[in-house]
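These are my notebook entries on a structure that I was asked to examine. I set down what I looked up and what I found.

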Amino acid sequence: MKYKIIDVQRRRYRDPQLISPLIDEENDRSDFDSLFDSHGHWGSEAPRNWGQPEANLSDQHFWQTYHLCATKMPKRTAMVFTLREVMELEISEICQQLEITATNCSVMLYRARMSLRLCLEQKLV
């Protein structure tokens, strides 16, 4: 089943009409620029202490919030995050299946994690 999902996603991204908006969306750094100073260090707001995040995994409200936050991410970024963190695929497998480079995959994972952290901190307060 996961390979069928990957094949469908691949076909969507091969269509030139769909690729250009995705490229712009994936490469938008403006959401994260305000988090860091000019040297790349945390700005005024470092990540909060989440206490015991494992306890949130059994909380229904957490999962509803997670799904809401995941839908706000670019689709390809969300797919890479899901393949890595939920399906626990290796980066090399993800790269092979999605035909992307390891660097691109790592950047997408970073952006997905940052986006989720920001969204979850705002919504779970």
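The model is predicted, so local features need pLDDT of at least 70 and side-chain atom pairs count only at pLDDT 80 or more, while totals for chains, interfaces and linings use all residues. Residues are numbered from 1 along each chain as its sequence is written, and side-chain values use heavy atoms, with hydrogens and water left out.

**Entry 1: backbone angles.** I noted that most residues other than glycine have a negative phi. E99, which is not a glycine, has a positive phi of about 55 degrees. I located E99 in the loop between helix 7 and helix 8, where helices are DSSP runs (H or I, at least four residues) numbered from the N terminus. E99 counts as exposed because its relative accessibility is 51%. I also looked up E88, whose phi is positive and near 60 degrees. E88 sits in the loop between helix 6 (75–86) and helix 7 (91–98), and at 63% relative accessibility it is exposed.

**Entry 2: cysteines.** I searched the whole structure for disulfides, that is, pairs of cysteine sulfur atoms within 2.5 Å, and found one. C69 and C119 form this disulfide, with their sulfur atoms 2.0 Å apart. The torsion about their S-S bond is about -80 degrees, so the disulfide is left-handed. C69 belongs to helix 5 and C119 to helix 8, so the pair ties together parts 50 residues apart in sequence. Both ends are buried, C69 at 1% relative accessibility and C119 at 8%.

C95 is buried at 11%, and C105 is buried at 0%.

**Entry 3: helix 8.** Helix 8 (residues 102–123) has 22 residues and reaches 31 Å from its first C-alpha to its last. I compared this with the expected span, 1.5 Å times one less than the number of residues; the value is close to the 32 Å expected. Its buried residues include M108, L109 and L120.

**Entry 4: aromatic rings.** I counted rings of Phe, Tyr and Trp (its six-membered ring) as paired if their centres lie within 6.5 Å, with planes under 30 degrees apart stacked, over 60 edge-to-face and the rest tilted. The count is one pair. The rings of W63 and Y66 have centres 5.5 Å apart and planes at 80 degrees, so the pair is edge-to-face. W63 and Y66 lie three residues apart in helix 5 (residues 60–72), about one turn of the helix. W63 is partly exposed at 32%, whereas Y66 is buried at 11%.

Notes
Helix = DSSP H or I, 4+ residues; strand = E, 2+ residues; numbered from the N terminus. Buried < 20%, exposed > 50% of the residue type's maximum accessible area, 1.4 Å probe, protein only.
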